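Open the model in your viewer and keep the selection panel at hand.

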Amino acid sequence: MKLAGLELVRVAMPLVAPFRTSFGTETSRDVLLVRAALTGGAAGDGVEGWAECAAPDEPFYSSEYVGGAADVVARWFVPMLAAAGELSPDAVAPALARVKGHRMAKAAVETAVLDAWLRAHGVPLARFLGAVRERVDCGVSVGIMDSIPQLLDAVAGYLDEGYVRIKLKIEPGWDVEPVRAVRERFGDDVPLQVDANTAYTLGDAPRLERLDAFGLLLVEQPLDEEDVAGHAELARRLRTPVCLDESVVSARAAADAIRTGACSVVNVKPGRVGGYLEARRIHDVCVAMGVPVWCGGMLETGIGRAANLALAALPGFTLPGDTSASRRYYAEDVTPEFVLDGGTLPVPDGPGIGVDPLPDALARFATSRTWLDPTSP
Ligand code: SMG
Ligand code: MG
């Protein structure tokens, strides 16, 4: 199969509530969806695949942002994929390898091609990746709030809905007290973890050591993305397991971080690591090295969520992910809604990612649609 073209669809998605992390507050997402059209396969012309780019509006989680992702896809990836000729899912990363970084953009393009290819072959993404579950346990990521009572209300609501694990976003000044308050109100049995999004330095180790008293599942990415050695030092000082998110950009980075003791748990986000094929390699590394792995989230719409649920169904994903229901993020999604049932979401079982954007919703949420034709530069 060859690339007939890529369509970039930007959708404006208001969040049901502001989501505050140590690096900023989001109230809506400007989401880049990618539609790949392939031609020339056994299934004939007109095979299509969809993917969602994880890049946020602003480059504050990592260096990537949605406008940059759209630019690199149009300017570089489309000509490179056209030049590559025959396209299979595993040919995409090598075709784009000359471009450094831009993993979220690469992941979106690879996933759109992978979805098209799987649909042409009638294979669900979950089966292709090696999934072993039909439903996955879901946690929820709870943003930084203005007050402890507001946080406790939010956590109470999520527990009532059935989420099986709570993750609290933390930053200096919003860490020990909110964790203590959640433990006091909801007890020691609630699976609880925290995520700092790089907000601390090694000098904050004494403060982070205080979190050891609360029996947390893990502390996620306390230090800078590039400070893997610092995480190893911190991990020696904490009883709470250290989990890495931002620092794990590849299977090699995951193996190095585990080997050097920088983490004992890994958060996998397919966008952050360049796609589902690399995400599966990270899963395999973690299983081989005996480290639990779980699926992170980037406030995805149903398009990204569907694919993440397929990944989260692999055997090494032994901790609940940030794969929450559509309603946790959006009053209306671009796909049929993912609804929490018994703390779980279903793994889509249709070909490819198993869901399509609803044309009506897409028409209403889209702010731009750009067709990129590889034959007309
Ligand atoms: O998708 O529920 C979700 C969000 C989960 O906390 C979440 N993601 O560092 O893990 C993380 C953050 C990054 C969000 S940046 C938009
Ligand atoms: Mg994180």
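Select Lys-169 and ligand 1: a side-chain N or O atom of Lys-169 sits 3.0 Å from an oxygen atom of ligand 1. That is a polar contact, meaning a pair of N or O atoms within 3.5 Å; within protein, one must be able to donate a hydrogen and the other to accept it, and residues adjacent in sequence count only if both atoms are side-chain atoms.

Before moving on, note that this is a predicted model, where local features need pLDDT of at least 70, side-chain atom pairs count only at pLDDT 80 or more, and totals for chains, interfaces and linings use all residues. Residues are numbered from 1 along each chain as its sequence is written, chains are lettered from A and ligands numbered from 1 in the order in which they are written, and side-chain values use heavy atoms, with hydrogens and water left out.

**Around ligand 1**

One of its polar side-chain atoms is 3.3 Å from an oxygen atom of ligand 1. Now show the backbone of Met-298, where an N or O atom lies 3.3 Å from a ligand 1 oxygen.

**The magnesium ion**

Keep Glu-220 on screen and select ligand 2. This magnesium ion is coordinated by Asp-195 (OD), Glu-220 (OE) and Asp-245 (OD), at 2.1 to 2.3 Å. Asp-195 lies in strand 7 (residues 192-195) and Glu-220 in strand 8 (residues 219-220), so the pair ties together parts that are 25 residues apart in sequence. Donors here are N, O and S atoms within 2.8 Å of the metal (3.2 Å for Na, K and Ca); water is not among the atoms, so sites may look incomplete. Strands (E, at least two residues) and helices (H or I, at least four) are DSSP runs, numbered from the N terminus. Asp-195 and Glu-220 are both buried, that is, under 20% relative accessible area (1.4 Å probe, protein chains only).

**Enclosed spaces**

Next, hide the ligands. A search on a 1 Å grid over the protein atoms alone looks for cavities, where a 1.4 Å probe fits but cannot get out; lining residues have an atom within 4 Å of a point. It finds two of 30 Å³ or more. The largest cavity holds about 230 Å³. Select Phe-19, Lys-169, Gly-297, Met-298 and Leu-299, the closest to its centre among 21 lining residues. Strand 1, strand 2 (24-39), strand 6 (165-169) and helix 13 each give two or more residues to this lining.

Move to the second largest cavity, about 160 Å³. Its 20 lining residues include Glu-52, Pro-270, Gly-271, Tyr-276 and Asn-308, which lie nearest the centre.

**Open pockets**

A pocket is an open set of grid points with protein on both sides within 12 Å along at least five of seven lines. The largest pocket has a volume of about 350 Å³. Pick Ala-93, Arg-103, Val-273, Gly-274 and Glu-278, the nearest to its centre of 17 lining residues. Then colour helix 2, which gives the most to this lining, with four residues.

Last stop: the second largest pocket, with about 290 Å³ of space. Select Ala-17, Pro-18, Phe-19, Met-145 and Gln-150, the closest to its centre of 15 lining residues. Strand 1 gives the most to that lining, with five residues.

Notes: Buried means under 20% relative accessible area, exposed over 50%, partly exposed in between (1.4 Å probe, protein chains only). Grid points are joined across faces, edges and corners, and a volume is the space filled by probe spheres set on the points.
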